Amino acid sequence: MVHREKVAAGRLRMDTGTLTPIVAAAVLAIYAALRMRWDWLGDYYPLLVRGLGMTVLLVVVTSSLGMLLAIPIGLVQVVGPKWLALPARAFCTVIRGTPLLLQLWLLYYGLGSLFPQFPWIRESGLWPILRQAWPYALLGLTLSYAAYEGEVFRGAFKGVPKGQLDAARAYGMSGFLTFRRIWLPQAFRRAMPTLAGETILQLKATPLVATITVVDVYSVAAQVRQQTYLTYEPLLLICAIYIVLAVVITRVFTRLSGKSRDNTAFRKT
Amino acid sequence: MLVGLMRSLTIAFGAFALGLVIGVAGALGKLGGGGATRQALDLYTTIVRSVPELVLILIVYFAGADLINGVLTAFGQEKIDFNGAVAGIVVLAVVQGAYSTEVIRGAILSIPYGQIEAAHAYGMSPWLTLRRVTLPALLPFALPGLSNLWLIAMKDTALLAVLGFGELTQVTRQAAGTTKAYFTFFIAAGGMYLLATMLSNLLSRRLEAWATKGVAHV
């Protein structure tokens, strides 16, 4: 009985705890609805949806590609030979040591100004693609995610207890089988919480591509700001959009990590 | 470009220092404050950490300018134009403050509670406890996170280029635009940032070694 009361009290306290942000959000929403102008939403709605699609696409594609790159980058730093480990280490240091904005500008303006000097590039079939901005955005974001994640995976691979690997070898597993069945899954589980945070950081990095003329949701908001002279409304709107996206990412990763935990529990029995 | 680099570093340093002050205050508020303070701070850190820096910088920049000019006109003063460096420092400090709040909160939580209790038992005032016990004791726990934040502060100054501040990235872009040697200039700027981060890494490792002198290695 006492226990139940305690639980009830706990729930009550949590309710008042979550109440204030909700009240604050409601007050802000009412203020926004009454005092601000939202009539531009109708005109810009299709553009906003397209921008949102671009943002989501960029996050999903660059994090998946980045992750694929990050696993070998992390791995060679732990077990690889020196001629592989050193470049991987240098890659991580350079990317993590310079601002992403600078990297994007280097790729877009720098490479973009180098390419036209070579006739064979200009005549190749790839040229119509290379003239657009999105390949550079994609490349820049992917490399950045790969470098940060490579570091995470390096730690994760290192963190798997050596006994586990020894045991796998004792079972006569080949090197690749050990990696696939033992090392990678465990490293992945270790990296999971960090990956969620890093993916949110990746989401927060996407508006930078607006500076190299890729039309994402932020650039649509900037466009609204310039054309309608409204400052706060579009910014508040995309703030809300980014918060929702961040919540979605957190949910997805919670579900993913829950799943992988179930898997191991199943294998244990 | 060297002037740009100096400006970048000044802004980063100012933002980092101001962010630290916000962080210490925020962490203490989150741990020891009443319900309202705690929730307000929760709101602040959650929002800042889930909205892109670029968007935040724009919001804080415009809102801050409006707010201060509003206050000034209310007191019958003239509107002022913002000094770029000061505005940059304040804007980035708001962002940094949220992150350092979390870092310092975590560090305070990892101090053995007995130490703080002992300080109370000696009759130290809360302020004295903070100065003599809590802050020195949290240093080894907070340093890795804080040195990370310093690197982020340095890289975030590049975002101010979007607002048109003459810091390293913006200056580089202008120089590249005039000379058309985009590749060279951006590579050079990248080298400068890299040098700065590597030097800071070296320094923070020294600092960490110094701060953890009295801590048992596990």
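Which helix of chain A does Gln226(A) lie in? Some notes on that and a few other spots follow.

1. Gln226(A) belongs to helix α10 of chain A, residues 217–228; helices here are DSSP runs of H or I of at least four residues, strands are runs of E of at least two, and both are numbered from the N terminus. Before going on, please keep in mind that this is a predicted model, where local features need pLDDT of at least 70 and side-chain atom pairs count only at pLDDT 80 or more, while totals for chains, interfaces and linings use all residues. Residues are numbered from 1 along each chain as its sequence is written, and chains are lettered from A and ligands numbered from 1 in the order in which they are written.

2. Gln226(A) counts as exposed because it has 10 C-beta neighbours inside 10 Å (buried means 20 or more other C-beta atoms within 10 Å of the residue's own, exposed 12 or fewer, partly exposed in between, with C-beta atoms placed from the backbone). Its C-alpha atom is separated by 42 Å from that of Ser257(A), 31 residues apart along the chain.

3. With 13 C-beta neighbours inside 10 Å, Thr213(A) counts as partly exposed.

4. Chain A as a whole has 11 helices and zero strands. Of its 269 residues, 33% count as buried. Among contacts in chain A with a separation of 6 or more, 78% come from residues 24 or more positions apart; a contact needs C-beta atoms, placed from the backbone, within 7 Å.

5. Now to where the chains meet: 30 residues of chain B are in contact with 28 residues of chain A. On the chain B side, α2 (35–50), α3 (53–74), α7 (160–163), α8 (168–179) and α9 (182–211) each supply at least two residues. The largest share, 10 residues, comes from α9(B). By class, this side of chain B has 21 nonpolar, five polar and four charged residues (Ala, Val, Leu, Ile, Met, Phe, Trp, Tyr, Cys and Pro count as nonpolar, Asp, Glu, Lys and Arg as charged, and the others, Gly among them, as polar).

6. Within chain B, α8(B) and α9(B) pack at an angle of about 160 degrees, with their axes 8 Å apart (axes are lines fitted to C-alpha atoms, for helices over the stretch in contact, and angles run from 0 to 180 degrees between N-to-C directions). The two helices are therefore roughly antiparallel, a term for angles over 145 degrees. Residues making the contact include Leu168(B) and Ala176(B) of α8(B), and Phe185(B) and Met192(B) of α9(B). The contact has eight nonpolar, two polar and no charged residues.

7. A second pair is α5(B) (residues 113–121) and α6(B) (residues 126–156), whose axes come within 10 Å and cross at roughly 165 degrees. That makes α5(B) roughly antiparallel to α6(B). Here Gln115(B), Ile116(B), Ala119(B) and His120(B) meet Thr129(B), Val133(B), Thr134(B) and Ala137(B), giving four nonpolar, four polar and no charged residues.

8. One last point on α5(B): this helix is hardly covered, as the count of buried residues among its nine residues is zero. After α5(B) comes Gly123(B), whose phi is positive, near 80 degrees.

Terms used:
Parallel < 35°, antiparallel > 145°, perpendicular 65-115°, else oblique. Contact = placed C-beta atoms within 7 Å.
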